[in-house]
Amino acid sequence: MNAVARVKAILIDPAAAWRGFEKDIGDPAYLLGRYVAVLALIPAFSSFVGATLIGVVAPSGTILRTDLIGGLFGAIFSYAASCAIVVLLGLIIDLLAPRFGGRRDFEDAFKLAVYSFTPLWLAGIFLLLPGLRFLLLTGVYGIYLFWLGAPRLAKVPEQQAANFTLVIVICAGGLLYGAALAQRMLFGTPEL
């Protein structure tokens, strides 16, 4: 599997990419190790550099930096949480798909979660500079990707895809917020 080609495919022509991913016989562990593990490094590394070396501007205008050890542990936590969130989201998709007329298939649910998270991981590069953090909103493109992929991979009917997407987005948002809050409480990273 070429991660760069997959990223390019899902971002440029998502409809064709979902058709291709639907046919893939994917082992979740392989996808986790070869795709998620690589892309999840982007926000973890960027937040480490941004929080420890560059700093975050406080409301008072001063620049706050995390100490090196706290930043390192925060980045490790962020990386592990990112991988765990995608696995949990795959489980949630798998459990909820039948409630929206879809089918249960963890491999496809995991693929749906992983490839929908791609824009968010790529947007993690904006964690480098405090002034660019608002560009994390470009990760919202993942919602559109999920909506396109839900009928293909989770077999959710087209008319239920929007409702299913909304529920999954709320779950993903809760997981992401919980991870960010835990990271801030445990390691004092000023990112929330």
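Student: In this predicted model, is T118 buried or exposed?
Tutor: T118 belongs to helix α6, which covers residues 106–123. Its relative accessible area is 0%, and the cut-off for burial is under 20%. T118 is therefore buried.

Student: Which residues does T118 touch, leaving out those up to four places away in sequence?
Tutor: A touch here requires heavy atoms within 4.5 Å. With residues up to four places away in sequence set aside, the partners of T118 are V7, I10, Y35 and L39.

Student: Where is K155, and is it buried, partly exposed or exposed?
Tutor: K155 sits in the loop between α7 (141–154) and α8. The relative accessible area of K155 is 31%. Buried requires under 20% and exposed over 50%, so K155 counts as partly exposed.

Student: What is the phi value of K155?
Tutor: K155 is a residue other than glycine, and its phi is positive. The value is near 60 degrees.

Student: How are α5 and α8 oriented to each other, roughly parallel or roughly antiparallel?
Tutor: Helix α5 takes in residues 68–96 and helix α8 residues 158–187. Their axes come within 10 Å and cross at roughly 155 degrees. Angles over 145 degrees count as roughly antiparallel, so α5 is, relative to α8, roughly antiparallel.

Student: Which residue classes make up the contact of α5 with α8, and how many residues fall in each?
Tutor: The crossing of these two helices, α5 and α8, is right-handed. Sorted by class, the residues of their contact include no charged ones. The remaining classes are four polar and 21 nonpolar.

Student: In what order do the helices and strands follow one another along the sequence?
Tutor: The protein has eight helices and two strands. Read along the sequence, the pattern is α-α-α-α-β-β-α-α-α-α.

Student: Why is the protein described as being as compact as a globular protein of its length?
Tutor: The C-alpha trace spans about 50 × 30 × 25 Å along its principal axes. For 192 residues the globule rule gives 16 Å. The protein is as compact as a globular protein of that length because its radius of gyration is close to that value, at 17 Å.

Student: What percentage of the residues is buried?
Tutor: The count runs over the 192 residues of the protein. T118, with a relative accessible area of 0%, is one of the buried residues. The buried share is 43%.

Student: Among contacts between residues at least 6 apart in sequence, what percentage joins residues at least 24 apart?
Tutor: The contacts considered are those in the protein between residues at least 6 apart in sequence. Of these, the share that joins residues at least 24 apart is 68%.

Technical notes: Residues numbered from 1 in each chain as written. Predicted model: local features only at pLDDT ≥ 70, side-chain atom pairs only at ≥ 80, totals over all residues. Heavy atoms only, no water. Axes fitted to C-alpha atoms, helices over the stretch in contact; angles between N-to-C directions. Helix = DSSP H or I, 4+ residues; strand = E, 2+ residues; numbered from the N terminus. Parallel < 35°, antiparallel > 145°, perpendicular 65-115°, else oblique. Left-handed = near helix turned anticlockwise from the far one by under 90°. Nonpolar A, V, L, I, M, F, W, Y, C, P; charged D, E, K, R; others polar. Rg over C-alpha atoms; globule rule 2.2 N^0.38 Å. Buried < 20%, exposed > 50% of the residue type's maximum accessible area, 1.4 Å probe, protein only.
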